[in-house]
Amino acid sequence: MSSDESLTNEALFERAQRVIPGGVNSPVRAFRSVGGTPYFVAEASGPFTYDVEGRRYIDYVQSYGPGICGHSHPAVIEAVRQAAGRGTSYGAPTRDEVLMAEEMCARVGGLEMVRLTNSGTEAVMSAVRLARGVTGRPTVVKFAGCYHGHSDSLLVAGGSGVAQQGLAGSEGVTAGAVADTIVAPYNVVPELDESVAVVCVEPVAANMGLVAPEPGFLQGLRDACDAAGALLLFDEVITGFRLCRGGAAEWYGVRPDIWCFGKVIGGGLPVGAFGASTEIMSGLAPLGGVYQAGTLSGNPLATAAGLAVLGLLDDDAYVQLESTAAALQEGMAGAFAAAGVTAVLPRVGPLLGLFFAEDAPRDFDEARKSADNGRYRLFFHGMLRRGVAFAPGAYEAIFPSLAHTEAEIEATVAAAAATAREMERDSER
């Protein structure tokens, strides 16, 4: 807890806004799309976060994905403690980055070489550069509502924080920066020509709520890329090592040419990675002519934490994660139905979404209609008052962890039932 026991969320947010744009270091945290004052986390443990005023929340944000084992898992904390005792950064190769790359390649079929970065944004930005370099082609195809980080060429029509702010893209991104980017609707296989270097997709779209790929979509992308001589990139920053050991590629049985990872592989520390076959990765410096670098890439604290997390994610862990997500889905769906609140909770394995709509969206336009109806704002604050923290925006996924037990699920469902009744009463006024 803070040493200043009189500190409140409101006071801290007021101070933050004087020295940090919007008072936050990532826009969605500012609560702009849901209203109100953000809570400032003082500490976290297992399924819980605690704010600076001492309130405890059952947390389904889990740092937007890295907390797959829950907060402050003892094995992760001990791994970081030991690594920190040896030093925090060297600017030289380390053993753990080799172990991390070996572990990732062992889990993902077709992944033969990996380059570590400091974030998912860096990973996708670098992977796109690599794809352009090895194909000699300029064009990138992405899908509306998929968020691939904040690099200029991929920020157009992004989900997640971009959509939360009501933006189509970003000021400061020039027409030239996106001139070679084509945006297609999710779940529709686009026509590709000989200019396309890479098709970049979230295999499960988890930045516009949760939108699952329709049957045949991912295989259709694989076939279209093969026919056009383009590369297929799976952005698995969220799905990687979360859906199952081999991520979405294993889950759906469709193998991309390039993968991007993040979140889980850092155990809560800044990390990213991209990888491919040896042939494609050999185009990367120092082997090839595509340059990419990072002073802190392969950071020893992040690789230690990530290795600890991956060590915990055995087959039993994935069974537990999916079971927990299914129980949360079923319980919340029942709570909404009992209160007469129209809602749908799409689920892909351990990942869960929530839309206040009749049907699960299949693309960004449909997801946006649900997000814009104002119902999520009521749900979010009702749950927060009852000690349950979901993401402060309707475009984010829900992240159950290994630390969420039956007790937390039951408490969450009870809170959802009370919140749903409150929402229905308000709608009748």
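Predicted model: local features only at pLDDT ≥ 70, side-chain atom pairs only at ≥ 80, totals over all residues.

Let me begin with a rule: rings of Phe, Tyr and Trp (its six-membered ring) pair if their centres lie within 6.5 Å, and a pair counts as stacked if the planes are under 30 degrees apart, as edge-to-face if they are over 60, and as tilted for the rest. By this rule the count comes to 15 aromatic pairs. The rings of Phe31 and Tyr39 have centres 6.2 Å apart and planes at 75°, so this pair is edge-to-face.

Residues are numbered from 1 along each chain as its sequence is written, and side-chain values use heavy atoms, with hydrogens and water left out.

Phe31 and Tyr39 are both buried, where buried means under 20% relative accessible area, exposed over 50% and partly exposed in between, with a 1.4 Å probe and protein chains only. Elsewhere, Tyr60, Phe336, Phe356, Tyr376, Phe379 and Phe390 form one aromatic cluster.

Now to helix 1, residues 9-19, in which Asn9, Leu12, Phe13 and Ala16 are buried; helices (H or I, at least four residues) and strands (E, at least two) are DSSP runs, numbered from the N terminus. Which strand do these buried residues of helix 1 pack against? They pack against strand 2 (48-51), contact meaning heavy atoms within 4.5 Å.
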